Amino acid sequence: MDQHHQLDAIFGALADPTRRAILARLAEGDWTVGELTAPFGVSQPAISRHLKVLERAGLVSRNRRATARLSHLEAGPLREATEWLARYQAFWDESHERLDALLASLTRQPEG
Amino acid sequence: MGTTKITAPAGIPFIDIEREFAAPRALVHRAYADPELLKQWLGPRKYVMEVEVWEPRDGGRWRYVHRDGENAYAFHGVFHGPQTEERMLQTFEFEGAPGHVSLESVEFIERDGRTLVRNHSVYQSVEARNAMIESGMAEGLEDGFARLDELVERLTSQAPAAAGSTR
């Protein structure tokens, strides 16, 4: 998967509130589908479908431990996506901080 | 200190940027309309900004270059309609992606002596938006998922860097 498609998959996966909640849960540790389903009030197959979407986006991996399949958060792709987001945000954050300073100096010297 | 809110909705070729400034509208507008002021703030400090032409009036042209060492990123476009303290409207083209022209409006809304600036950019397609954003000036994209930033920050600070299991 090239970077473009991976980012599309990551953002698509993150667009859903249940999937964001699943990721937040997985940040605390690895869980089985049953353990993940309990707090959400939706069916286990529904959680399984969400996990498949997260797995395709590379955000979750699933390992078999004894008889249970554990879902595990893969933070790497998420971090790459954040960095990609952060550069655009940084451009404007820094521009706007400079504009704050400029406006402050213009306010002190209205014709400056 | 204000917060810059950037929204780039999935599936729609828009980028919206909102920021409030602690200054009256006339002054904020001046910082956008006067090229001598514009080049003092637009872009990160590492860039030197050269404004070749900046004619904020109906049909006026604009072109500027951001230089960072050996790299140069040039942008140009045309102003459309009356350019007032309430609103500026222009086309925008990154010369590194010729033909991908967007339409950009900047609204200035004064509230109690402070000014909210709303920048709305419309691209010809989502692909064009993303392509522009990934090149030159805009190297990344803030996607408009309400709690994404917060979530991602929490996840990346909690999750170990190694790909191995946490238990």
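The legends below describe close-up views of a predicted model, taken one region at a time.

Residues are numbered from 1 along each chain as its sequence is written, while chains are lettered from A and ligands numbered from 1 in the order in which they are written. Because the model is predicted, local features need a pLDDT of at least 70 and side-chain atom pairs count only at pLDDT 80 or more, whereas totals for chains, interfaces and linings use all residues.

**View 1. The open sheet of chain A has three strands in the order β1-β3-β2, with antiparallel pairing.** Strands (E, at least two residues) and helices (H or I, at least four residues) are DSSP runs numbered from the N terminus, and two strands pair if DSSP finds at least two bridges between them. The edges are held by β1 (31-32) and β2 (60-65) of chain A, each with a single partner strand, so one side of each is left without a neighbour in the sheet. Strand β3 (residues 68-73) of chain A runs antiparallel to β1(A) and is joined to it by two bridges, with A:Thr32 opposite A:Leu70 of β3(A).

**View 2. Helices α2 and α4 of chain A lie across strands of the sheet.** Helix α2 (residues 17-26) of chain A lies across β1, β2 and β3 of that chain and runs at about 95° to β3(A), whereas α4 (residues 44-56) of chain A lies across β2 and β3, at about 115° to β2(A). Axes here are lines fitted to C-alpha atoms, for helices over the stretch in contact, and angles run from 0 to 180 degrees between N-to-C directions. Among the elements of chain A, α4(A) has the highest mean pLDDT (93) and helix α1 (residues 3-14) the lowest (75), pLDDT being the predictor's confidence in each residue, from 0 to 100.

**View 3. The buried residues of α2(A) are A:Arg19, A:Arg20, A:Ile22, A:Leu23 and A:Leu26.** Seen down the axis of α2(A), these residues fall within an arc of 155°, so they line one face of the helix; the arc is that of the directions from the helix axis to the C-beta atoms. A residue counts as buried if 20 or more other C-beta atoms, placed from the backbone, lie within 10 Å of its own.

**View 4. The largest nonpolar core has 20 residues, of which A:Ile10, A:Leu54 and A:Leu59 touch the most other members.** Such a core is a set of buried Ala, Val, Leu, Ile, Met, Phe, Trp, Tyr and Cys residues joined through C-beta atoms within 7 Å. At least two residues come from each of α1, α2, α4, β3 and α5 (75-108) of chain A, and the largest share, five residues, comes from α1(A). Leaving aside neighbours within four places in sequence, A:Leu54 is in contact with A:Ala13, A:Arg19, A:Ile22, A:Leu23, A:Leu59 and A:Val60, contact meaning C-beta atoms, placed from the backbone, within 7 Å. Apart from this core lies another, of 15 residues, among them B:Ala31, B:Trp41, B:Leu42 and B:Met88.

**View 5. Strands β4 (residues 61-68) and β5 (residues 71-78) of chain B pair in the antiparallel sense over eight bridges.** In β5(B), B:Ala72 is the bridge partner of B:Arg67. The hairpin of β4(B) and β5(B) has two residues between the strands, and B:Gly69 takes a positive phi near 60° in this hairpin. Strand β6 (residues 87-94) of chain B runs antiparallel to β5(B), to which two bridges join it, and B:Phe94 in β6(B) is the bridge partner of B:Phe75.

Definitions and conventions: Contact = placed C-beta atoms within 7 Å. Buried ≥ 20, exposed ≤ 12 C-beta atoms within 10 Å, placed from the backbone.
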